[in-house]
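Please read the notes below with the model open beside them. They go from the sheet to the chain as a whole, then to one helix and to confidence.

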Amino acid sequence: MSRIAATFDQLKAQGRKALIPFVTAGDPHPGATVDLMLAMAEAGADVIELGVPFSDPMADGPVIQRAGERALLKGISLRDVLAFVRDFRARNDATPVVLMGYANPVERYGLDAFVADASAAGVDGVLIVDYPPEECEEFAAKLRAGDMDAIFLLAPTSTEARMAQVGKLASGYVYYVSLKGVTGAGHLNTAAVAEAVPRIRQHVSTPVGVGFGIRDGATARAVADVSDAVVIGSKLVELLERQPADNVALTGAAFIREIRAALDKKD
């Protein structure tokens, strides 16, 4: 059983929902990334999504675009991202790490080399935004062979056929993009999420995480009430972007504790 599956099973047994923060590797300070990951895990993050910087992040809004640009200006490459995961894994062997990014850096690295090196580094799942499931069977199989989960996106516009395709290939969890548009855009409609998740579950056996538009404890709790996990990125990246290096981990941990408390609050 993968770390991701084991984490969701444990949370389900406890009657709790997963908190999945997203941060961009190397931003705002490369030397702070691993400490930030460790601090978030200690503060209550159940899975960590680590963004791989890319020059043309088509699905990301201004906040995460800026984070990727800053990381690229500091020279952060996919090899550096894997090094961050290795360093994190040396000090935390329990919290799953998912790499989230785009096809170009992975294909430049080489698919087989990437899968081998990511597995060796301790990566637990991979989400490639621009790999559609109908073109992803071989890649998903390679990930499974490396003991990693293939994570896929679904959106409000996803058809029943697309959900079924994702259901055949996905493992770990499925990431439901709750808004049309890019990350950080729009206003979250929790009623629409509540209608969408049951439709997804008709096709997908893995847990369903929901992201885009979650910015505070109240919206996180509302989403958690109708899903298995809450993914939160733009607000966290925005909080971190102006922090000095020695305050990044503290700021990230404080935000995660706030969201975790909202998720775990008893009615």
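1. Two strands count as paired if DSSP finds at least two bridges between them. Helices (H or I, at least four residues) and strands (E, at least two) are DSSP runs, numbered from the N terminus. In strand 2, Glu-49 is the bridge partner of Phe-22. Strand 1 (residues 18-24) and strand 2 (residues 48-51) run parallel and are joined by 3 bridges.

2. This is a predicted model, in which local features need pLDDT of at least 70 and side-chain atom pairs count only at pLDDT 80 or more, while totals for chains, interfaces and linings use all residues. Residues are numbered from 1 along each chain as its sequence is written, and side-chain values use heavy atoms, with hydrogens and water left out.

3. In what order do the strands of the open sheet lie? The 9 strands follow the order 5-4-3-2-1-9-8-7-6, with parallel pairing. Strand 5 (149-150) and strand 6 (152-154) are at the edges and have a single partner strand each, so one side of each lacks a neighbour in the sheet. Helix 4 (residues 78-91) packs on the sheet and touches strand 2 and strand 3 (97-101), where contact means heavy atoms within 4.5 Å. The direction of helix 4 makes about 165° with that of strand 3; axes are lines fitted to C-alpha atoms, for helices over the stretch in contact, and angles run from 0 to 180 degrees between N-to-C directions.

4. The protein chain has 12 helices and 9 strands. Its radius of gyration, taken over C-alpha atoms, is 17 Å, close to the 18 Å that the globule rule (2.2 Å times the number of residues to the power 0.38) gives for 267 residues, so the chain is as compact as a globular protein of that length. The C-alpha trace spans about 40 × 40 × 35 Å along its principal axes.

5. Helix 2 (residues 33-43) is mostly covered, with 9 of its 11 residues buried (under 20% relative accessible area, 1.4 Å probe, protein chains only). Among them are Val-34, Leu-38 and Met-40. The buried residues of helix 2 pack against strands 1, 2 and 3, and against helix 4, helix 11 (234-240) and helix 12 (248-264).

6. The average pLDDT (the predictor's confidence in each residue, from 0 to 100) is 93 for the protein chain, and 96% of the residues score at least 70. Over residues 181-185 the pLDDT is below 50, and this stretch has 14 contacts in the model beyond near neighbours in sequence. Where pLDDT is low, predicted coordinates should not be read in detail.

Notes. Buried < 20%, exposed > 50% of the residue type's maximum accessible area, 1.4 Å probe, protein only.
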